[in-house]
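New notebook page. I want to look up a few things here and jot down what turns up.

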Amino acid sequence: MKTQTEKSQAALNPQKALSLLEEGNKRFVENLKADRNHLDQVNETRDGQFPFAIVLSCIDSRVPAELIFDQGLGDIFSVRIAGNFVNEDILGSMEFACKVAGSKLIVVLGHTSCGAVKGACDNVELGNLTGMLKKLKPAMDAVSTEGERSSKNVEFVQKVADKNVELTIEQIKEKSPVLKEMLDEGSIGIAGGMYDVASGEVEFYHKP
């Protein structure tokens with residue numbers, strides 16, 4: 001598997017970039033990793049990088065983007081924060097990835113059994129974690145359920161995780177004029193997905 005170059009990156013569009021991630025996840029699930037020499041990739045990327053996508057995912061140790069999408073050095077930017085939400089710093093990172101470094105796709109990736117979402121649902125308070133979990137409250141408030149509104153309700157937790165991906169995509173468009181302009185002109189795309197920690201599969205339900 002070749003390292004992304006300026007030429008190969010320029011030849012991609014958002015849809016093809018998404019296909020590369022979907023194909024990589026399929027390899028991951030089937031335990032058929034692409035043949036790469038990481039030391040060669042270190043050498044190939046020493047003078048520059050040309051990632052085709054930026055993935056915003058959770059810090060959960062079971063959800064490393066490079067592994068679950070079977071990507072190598074220099075292929076994707078990876079932003080990780082508990083609860084996979086955006087703030088000014090993350091938006092700036094996305095603007096760099098797309099406007100400066102040429103990435104074609106933004107992915108907001110949630111996952112099942114998310115501890116951050118469970119903590120928000122249970123109104124956990126602990127140091128700086130308290131303020132961070134409040135960022136997930138809009139997703140909680142937007143979800144209805146017939147059962148208990150806590151982490152004991154597995155269906156409720158998943159609904160909140162799904163809604164958080166959706167709202168994060170909306171916030172990216174609303175809070176970054178730079179990215180909104182690129183999205184409108186079609187030079188980049190944005191996708192939302194959910195990683196299943198039980199199967200290793202990623203389901204994309206918002207696509208460019």
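Before I look at strands, one term: two strands pair if DSSP finds at least two bridges between them. Also a reminder to myself that this is a predicted model.

**Entry 1: strand β1**

I started with β1 and asked which strands pair with it. Strand β3 (residues 105–111) runs parallel to β1, and 4 bridges join them. Strand β2 (residues 76–80) also pairs with β1 in the parallel sense, over 5 bridges.

Next, is β1 buried or exposed? I found 5 of the 5 residues of β1 (residues 53–57) buried, so the strand is largely enclosed by the rest of the structure. Ala53, Val55 and Ser57 point one way, Ile54 and Leu56 the other way, and all are buried.

**Entry 2: the cores**

Which residues touch the most other members of the largest nonpolar core? That core has 42 residues, and the answer is Ile54, Met94, Ile106, Val117, Val160 and Ile172. Helix α9 (residues 154–175) gives the most to this core, with 8 residues. Another core lies apart from it, with 20 residues, among them Leu12, Ala17, Leu18 and Phe52. I noted the general background as well: in soluble globular proteins, nonpolar side chains tend to be buried together.

I then picked Met94 and listed what it touches. Not counting residues up to four places away in sequence, Met94 touches Ile54, Leu56, Val86, Ile106, Ile172 and Leu179.

**Entry 3: Pro51**

I went to the loop between α3 (38–44) and β1, where Pro51 lies. Its relative accessible area is 0%, so Pro51 is buried. Leaving aside neighbours within four places in sequence, I found Pro51 in contact with Gln9, Gly74, Asp75, Ile76, Phe77, Gly102 and Ser103. Ser8 and Pro51 are 43 residues apart in sequence, and 9.8 Å apart in space, C-alpha to C-alpha.

**Entry 4: helix α2**

I checked the span of α2 (residues 14–29). At 1.5 Å a residue, its 16 residues should span 22 Å, and the end C-alpha atoms are 23 Å apart, which agrees. At the N-terminal end, Asn13 caps α2, with a side-chain oxygen 3.2 Å from the backbone nitrogen of Gln15. After α2 comes Asn31, whose phi is positive, near 60°.

The buried residues of α2 include Ala17, Leu18, Leu21 and Arg27. What covers the buried residues includes β1, β2 and β3.

Conventions: Residues numbered from 1 in each chain as written. Predicted model: local features only at pLDDT ≥ 70, side-chain atom pairs only at ≥ 80, totals over all residues. Heavy atoms only, no water. Buried < 20%, exposed > 50% of the residue type's maximum accessible area, 1.4 Å probe, protein only. Helix = DSSP H or I, 4+ residues; strand = E, 2+ residues; numbered from the N terminus. Core = buried A, V, L, I, M, F, W, Y, C linked by side-chain atoms within 4.5 Å. Contact = heavy atoms within 4.5 Å. Expected span 1.5 Å × (residues − 1). Polar contact = N/O pair within 3.5 Å; in protein donor to acceptor, adjacent residues only side chain to side chain.
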